[in-house]
Amino acid sequence: MPDFSNPADWLPWAFASLMGLSILVYVVLDGFDLGIGILFPLAEPDEQERMIGSIGPFWDANETWLVLAVGLLLVAFPTAHGIILSTLYLPVFLMLIGLILRGVAFEFRAKVRSRRKALWNRLFFVGSLVTALAQGFMLGLYIMGLVQTPATYLFAALCSVFLAVGYSFIGATWLIHKTVEGLQSKAVKWARHSLWAVIAGIGAVSLATPLVSDRIYDKWFTYPEILWLVPLPFISGVMVVALWWMLQRMPFAGDRWNWLPFATSSAIFAAAYLGLAYSFYPYVVPNRLTIYEAASAPESLMIILVGACFVVPAIIGYSILAYVVFRGKAADLRYD
C-alpha cells in the first residue's frame with residue numbers, strides 16, 4: 001500500500017485506482033449495451049425496437065467512462081499511454097471505428113425510411129461486434145504483457161471472442177430486467193446459452209494470468225497471500241452457480257427479482273476484474289513500467305486531482321439520475 005504521507009506515493013495510486021474504477025464501470029455499463037447490439041440479429045423487428053429502447057437513455061453516458069479512463073491514462077501516466085496505445089494501435093483504431101459506426105447507426109435507424117432500416121440495423125450489430133472484439137483483443141495482449149508473437153495473438157483472439165460473448169451475456173441479463181413476456185423469455189434463453197462461454201472465458205484468463213509471469217504466480221500462490229485470495233474464486237463460483245440456478249427458473253412469478261441476474265453478472269465481472277488488478281499491480285505496463293515510474297510529476301497530479309474531484313462526481317451524478325429517471329420496463333424508442 002502507498003505511503004499516504006508522501007504525495008509522490010499516494011497520488012499515482014489514487015489515479016490508478018480511479019482509472020481502474022472507470023474501466024470496470026465502463027465494462028459493466030457499456031458492456032450491456034454492446035451486448036444488446038450483438039444480440040440484435042436474433043430478435044424480431046418489434047423486439048429490436050424495445051431492445052433499443054432499453055439502452056436509449058443510457059448508452060451515451062455509459063461511453064463517458066471509457067473517455068474518462070483513457071483521459072486519466074493520458075494525463076496521469078503519459079509514458080504508459082504512449083507505450084500501450086502504440087502497441088495496440090490497430091485494435092484501438094478498430095474499436096473507434098466500431099464505436100462511431102454503432103453511434104451513427106443508432107441514430108440513423110430511427111430516422112430513415114423503413115426500407116433502409118434493415119441496413120442500419122446490420123451496421124449497429126457490426127459496430128457493436130467490432131468494438132467488443134477489439135476490446136477483447138486488447139485485453140488479451142495486455143495480459144500477455146503486450147508481447148506480440150503468434151501465441152499471444154492466438155490468446156488475444158480467444159479473449160476477443162470470450163469478451164464479445166460476455167457482453168452478449170450481460171446484455172441478455174439487462175433485457176431480463178428491462179423487458180417482459182416474449183422478449184424477456186428470449187433473453188433468459190440467450191443468457192443460459194452464453195453463460196458457459198463466460199465461465200470458460202473467465203477461467204481461461206484466470207489460468208493464463210499467473211503463467212505469464214513468475215511475479216504474478218508468486219502473488220497468488222505464496223503463503224500467506226493465498227489464504228486471503230482463496231475466497232475470491234470461491235465467491236465467484238458461488239455466484240456462477242446461483243446465476244445458473246436463477247436462469248433455469250426465470251422469469252419468476254410476478255416478474256420478481258428480474259434485476260438479480262444483471263446484478264449478479266456484474267458482480268462476477270467485478271470479481272474477475274479485481275483479480276486482474278491485483279495480479280498486475282503496481283505495473284501499468286505489465287512487467288515493464290510501474291504506476292510510480294510512469295506517473296506525471298506530483299505537482300501536476302495534484303492539479304489534475306482538483307479537476308477530477310469535480311468531474312467524476314458530476315459523471316456519477318448524471319449517470320445515477322439517468323438510471324433513476326428511466327427505471328422500469330423499456331418501451332419502443334421513438335423520435336417524435
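1. In this predicted model, helix 1 meets helix 12 through Gly20, Ile23, Leu24, Val27, Val28 and Phe32 on its own side and Phe262, Ser266, Phe269, Ala270 and Tyr273 on the side of helix 12. These contact residues comprise nine nonpolar and two polar ones, with no charged residue.

2. The geometry of this pair is as follows. The axes of helix 1 and helix 12 come within 11 Å and cross at roughly 145 degrees. The crossing of helix 1 with helix 12 is right-handed.

3. Helix 1 (residues 7-39) also packs with helix 3 (residues 59-76), their axes coming within 8 Å and crossing at roughly 155 degrees. Helix 1 is therefore roughly antiparallel to helix 3. The handedness of this crossing is left-handed.

4. On helix 1, the residues contacting helix 3 include Phe15, Leu18, Met19, Ile23, Tyr26, Asp30 and Asp33. On helix 3, the partners include Trp59, Asn62, Glu63, Trp65, Leu66, Leu72 and Ala76. By class, the residues of the contact between helix 1 and helix 3 are 16 nonpolar, two polar and three charged.

5. Within helix 12 (residues 260-280) lies Ser265. Ser265 counts as buried because its relative accessibility is 0%. Its side chain makes a polar contact with the side chain of Thr173, at 3.4 Å. Apart from neighbours within four places in sequence, Ser265 is in contact with Phe169, Ile170, Thr173 and Leu243.

Note on methods. Residues are numbered from 1 along each chain as its sequence is written. This is a predicted model: local features need pLDDT of at least 70, side-chain atom pairs count only at pLDDT 80 or more; totals for chains, interfaces and linings use all residues. Side-chain values use heavy atoms; hydrogens and water are left out. Axes are lines fitted to C-alpha atoms, for helices over the stretch in contact, and angles run from 0 to 180 degrees between N-to-C directions. Helices (H or I, at least four residues) and strands (E, at least two) are DSSP runs, numbered from the N terminus. Angles under 35 degrees count as roughly parallel, over 145 as roughly antiparallel, 65 to 115 as roughly perpendicular and the rest as oblique. A crossing is left-handed if the near helix is turned anticlockwise from the far one by less than a right angle, and right-handed if clockwise. Contact means heavy atoms within 4.5 Å. Ala, Val, Leu, Ile, Met, Phe, Trp, Tyr, Cys and Pro count as nonpolar, Asp, Glu, Lys and Arg as charged, and the others, Gly among them, as polar. Buried means under 20% relative accessible area, exposed over 50%, partly exposed in between (1.4 Å probe, protein chains only). A polar contact is a pair of N or O atoms within 3.5 Å; within protein, one must be able to donate a hydrogen and the other to accept it, and residues adjacent in sequence count only if both atoms are side-chain atoms.
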